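Visitor: I'd like to learn how to read a fold from its coordinates. Could you walk me through one?

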Amino acid sequence: QKNVGFVRTMAMLALNKIDAILTVVERQLSTRKPNDDGLDLSENENISCKPFGVTSRGKQVLSFTLHNKKGMQVQILNYGGHIRALRVPSHTGELVDVTIGLDTMFDYEYKNRYFGSIVGRYANRIC
């Protein structure tokens, strides 16, 4: 029971920190050149990027992993802003994933379209 409380507390702290981490990404995106279609990750060691999969329409989906000095990691897909994983260090220092992420692009496209998504189905277009 103590571990559950600790993990819950760490998850809440981690969620509060996501906003600050995403600010770094926004800053990187706002300073890119007009013809640049991605982040320059060479200057930021706290962000890594790797291919995650391909949509049914042939568009490549990337997975961005952001991490901080305390060991927290968040993995975000550029497909709907899905949070695929949020890992926080436990009291033993072991990383614990406190989210439920899906394994494949097929799962995100056809099984649970809005599962873990930052934006919902209507993306704030309802007045």
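**Strands, rings and cores**

Guide: Two strands count as paired if DSSP finds at least two bridges between them. Helices (H or I, at least four residues) and strands (E, at least two) are DSSP runs, numbered from the N terminus. Before we go on: this is a predicted model, so local features need pLDDT of at least 70 and side-chain atom pairs pLDDT 80 or more, while totals for chains, interfaces and linings use all residues. Residues are numbered from 1 along each chain as its sequence is written, and side-chain values use heavy atoms, with hydrogens and water left out.

Visitor: Which residue stands opposite Gln 75 of E3?

Guide: That's Thr 65. E2 and E3 form a hairpin with five residues between them, and Gly 71 in the turn has a positive phi of about 100 degrees.

Visitor: What does E2 (residues 60-67) pair with over seven bridges?

Guide: Strand E1 (residues 47-54), again in the antiparallel sense. There, Cys 49 has Phe 64 in E2 as its bridge partner. The E1-E2 hairpin has five residues between the strands, and its Gly 58 takes a positive phi near 90 degrees.

Visitor: And what is the order of elements in the protein, from the N terminus on?

Guide: They run α-β-β-β-β-β-α, which comes to two helices and five strands.

Visitor: How do I read burial? Is His 82 buried or exposed?

Guide: Go by relative accessible area: buried is under 20%, exposed over 50%, and partly exposed in between (1.4 Å probe, protein chains only). His 82 has 2%, so it's buried. It sits in the loop between E3 and strand E4 (83-89).

Visitor: What does the side chain of His 82 reach at 2.4 Å?

Guide: The backbone oxygen of Tyr 79. For contacts in general, the test is heavy atoms within 4.5 Å. Leaving aside neighbours within four places in sequence, the contacts of His 82 include Gln 75, Leu 77, Tyr 108 and Phe 115.

Visitor: How many aromatic pairs does the structure hold?

Guide: Two. Rings of Phe, Tyr and Trp (its six-membered ring) pair if their centres lie within 6.5 Å; planes under 30 degrees apart are stacked, over 60 edge-to-face, and the rest tilted. Phe 52 and Tyr 108 have ring centres 6.1 Å apart and planes at 70 degrees, so they're edge-to-face. Phe 52 is in strand E1 and Tyr 108 in helix H2 (residues 105-111), so this pair ties together parts 56 residues apart in sequence. Tyr 108 counts as buried at 1% relative accessibility, and Phe 52 does too at 18%. Phe 106 and Tyr 110 have centres 5.1 Å apart and planes at 40 degrees, so that pair is tilted.

Visitor: Last one: which residues make up the largest nonpolar core?

Guide: A nonpolar core is a set of buried Ala, Val, Leu, Ile, Met, Phe, Trp, Tyr and Cys residues joined through side-chain atoms within 4.5 Å. The largest one here has 10 residues: Ile 18, Ile 47, Phe 64, Leu 66, Met 72, Val 74, Ile 76, Ile 83, Leu 86 and Val 88. E4 gives the largest share, three residues. Apart from this core lies another, of six residues, among them Phe 52, Val 61, Leu 77 and Met 105.

Notes
Polar contact = N/O pair within 3.5 Å; in protein donor to acceptor, adjacent residues only side chain to side chain.
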